[in-house]
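Hi everyone, thanks for having me. I'd like to walk you through one structure today, so please have a look at the screen while I bring it up.

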Amino acid sequence: MEYVCSNIDRLITVGIRPMGVPRKNMAKLYEAGAFEGPISYQIVKALEAHPNAKVGIFTGAAVPEKFPLGENDGPLGSAALGRCLHTLGYDVTIYTDPECVGGVEVAEKALGCELPIVALESGPCAQYDEIARTLEVAVTIEKCGSNEKGVMHSLTGHSRNGMRARMDDIILQMNDMGKLTIGIGDGGNEIGFGNLYEQARYYVPNAKTCVCGCGGGIVTTTRVSICYPVAISNWGAYAICAALACQNRRPELAIKPEEEHEMLMKGLEYGLVDGGNGLHRYGLDGIDGEASVACVRLLQEIVNVFLKTVHRDF
Amino acid sequence: MIISCKNIDRLVNVGFRPYGMPRADIGDLYDLCATDYPVSYKCARDLLKQPGARVGIFTGAAVVDVFPKGESDGPLGAAILGRALQKLGYAVTLFTEIDCQPGLSAIAEMIGCTAPVTVLEKRKSLDEPCAQYDEIANALDIAVCTEKVGVNCKGVQHSITGRSRNGMRAFVDPIINKMNEMGKLTIGIGDGGNEIGFGSIYEETCDFIDNGRKCICGCNAGIVTVTKVTHCFPVAISNWGCYAICAALALQTGDQSLMVTPEEEHDMLMRTIDLELCDGDSGVPKYALDGIHGDVSVACVRFIREIVSAYFTTNDRKF
């Protein structure tokens, strides 16, 4: 399993960002977090220790006037991971900002699943306390975290305060209760990178210098049990699905290329935006949609090959 | 550019070997060869230092009674790299054994690589002299081996499963060794540790590879070749190593037409069925490559192209 997970992780940390977007090698941050073995393997083992648990998946990254319904990185991965965990018997709820609920619904529909979706309130409140109390496991996917000055940032250093649920408090409370928290991100500004704070401040462009005026840089201080740095956040979610498919010897748990295509297309029709360039196009984080479909095909084959035994006698 | 090459190399080192096959993590061997720069970057950089050079690309891995016309891993990468180098003005010759010549020629022709295909003479043992080998070493400026078996410390060629290949294939090792002595550029692309080039990281490969220190042919010296090259490029599948170098050439020259397209990869793999170039894992001619479905290799090609395309795309993201 560790062999296959190391290859899954190698694949989804292949950096593919265009010029002009901060494009430091996310693989360096992955390696900093993988000193105890492949991170997808660590996550599988941690989830296995919580069978049938109440799992909350948190996502959503809307920007008023740019992508008011959110971007497609996050919701697609959330739906895919949610379906996978639900199939394995977990009690899954997806949490997102009110603006992003529709995007998650679209992704779920494309995958043929109907997981409950709850809209998050904007900041620390009774809802957050209740969520933290109720859940046993939290997974954040492309979910912005606050920096040392309490400011959420875009990758390019703009403030996101007031635009999104500042939900770090849920994760911090769950951490205090000893619950499992997993943070998947691709920029250093997402919940989880607090685990790799110093390394992220070193490797990520804009890590120390944001343009919002707070002076705290984009890297979040919010920690999780397991931080999973990846090239594109959706791919991190797909990677966990693939690792769970291998561990459970159930290839159907992995997302299929045609499903990725369908989610990207339906998301485009609905109004989800490519977060890499803010364009309404068949793309994901600045790359062509077909490249993400290709990544999913490669992941699927890693699973297929893992579950196969050959007897080569020549 | 270096970051892009690093990511391309990361991609072509994603391992896919099933249970039952030697499954060492080739990515660990790659890392040993990339302590300074990504290997694809170094290969492209050094190729571009010799414009118009005479380049020989060596491939071919036929196995009598199993895949007598060779396998699909090797010829496809050789033809695509040959085409790219021809486009850049190099004088390219493809070298392979008589068994593999029809398949290699057909693939080269279908993708528009017009490099001549020269048949390598075979010898029963490494010690047997061969004037052709000397001539080739003298004539070439640069050699690229892809999926080309090399000899171990006892002069025996091996399959990845530890069987001897002596007598089935040409000994390219003397050509490469002589070119190394002459200070010429040599590149070795391989995915198993038994291919020319892994001599550059011999001890580590012996430790990492399942059959690194043992084989079943009776020589008891393991499958790892002792033959060194200037740049050893360990990859998950040898064809992908060639595609990675083409991508690195595209990055460094700005000419994206140097790369293989997903459609070409699909068509080449389909053509291997008629040509009886076998999937190296199953030994059967089918739409597959080293044990993976053909569509997966097409996906890899798509992914490589996107990395290059992203490098040439600038997003002015102001939000």
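Let's start in α10 of chain A, where A:Pro257, A:Glu259, A:Glu260, A:Met263, A:Leu264 and A:Gly267 are buried. Why do these residues end up on the same side of α10(A)? Their arc around the axis is only 165 degrees, and that puts them on the same side of the helix. Please keep in mind that we are looking at a predicted model.

What does that buried side pack against? The buried residues of α10(A) pack against α4, α5, β7 and α11 of chain A. Now turn to the face pointing away from the buried side: here you find the exposed residues A:Glu258 and A:Glu269. As for its dimensions, α10(A) covers residues 257-270, which is 14 residues, and from first C-alpha to last it reaches 20 Å, close to the 20 Å expected at 1.5 Å a residue. Just after the helix comes A:Gly271, with a positive phi of about 125 degrees.

Let's zoom out to the whole of chain A. Its secondary structure comes to eleven helices and eight strands. The C-alpha atoms fill a box of roughly 65 × 45 × 40 Å along the principal axes. Buried residues make up 61% of the 314 residues in chain A. And if you take the contacts in chain A with a separation of 6 or more, 75% of them come from residues 24 or more positions apart.

Next, over to chain B and its strand β4, residues 142-146. Is this strand buried or exposed? It is mostly covered, with five of its five residues buried. Both faces are covered: on one side sit B:Ile142, B:Val144 and B:Thr146, and on the other B:Ala143 and B:Cys145. β4(B) runs parallel to β1(B), and four bridges join the two; there, B:Gly56 stands opposite B:Ala143. β4(B) also pairs with β5(B), in the parallel sense, over five bridges, and B:Val144 stands opposite B:Ile187 in β5(B).

Chain B also has two aspartates I'd like you to find. B:Asp65 has a positive phi, near 75 degrees, in a residue other than glycine, and B:Asp290 has one of about 50 degrees, again without being a glycine. B:Asp65 lies in the loop between β1 and α4 of chain B, while B:Asp290 is in the loop between β7 and β8 of chain B. How many other C-beta atoms lie within 10 Å of each? For B:Asp65 there are 8, so this residue is exposed; for B:Asp290 there are 25, so that residue is buried.

Finally, the place where the chains meet. The contact takes 43 residues from chain B and 42 residues from chain A. On the chain B side, α1, β8 and α11 each supply at least two residues. Which of these gives the most? That is α11(B), with ten residues. The residues on this side of chain B divide into 18 nonpolar, 14 polar and eleven charged. α11(B) is mostly covered, with 17 of its 18 residues buried, and it reaches 27 Å from first C-alpha to last, close to the 26 Å expected at 1.5 Å a residue.

Conventions:
Residues are numbered from 1 along each chain as its sequence is written. Chains are lettered from A and ligands numbered from 1 in the order in which they are written. This is a predicted model: local features need pLDDT of at least 70, side-chain atom pairs count only at pLDDT 80 or more; totals for chains, interfaces and linings use all residues. Two residues are in contact if their C-beta atoms, placed from the backbone, lie within 7 Å. Ala, Val, Leu, Ile, Met, Phe, Trp, Tyr, Cys and Pro count as nonpolar, Asp, Glu, Lys and Arg as charged, and the others, Gly among them, as polar. The expected span of a helix is 1.5 Å times one less than its number of residues. A residue is buried if 20 or more other C-beta atoms lie within 10 Å of its own, exposed if 12 or fewer, and partly exposed in between; C-beta atoms are placed from the backbone. The arc is that of the directions from the helix axis to the C-beta atoms. Two strands pair if DSSP finds at least two bridges between them.
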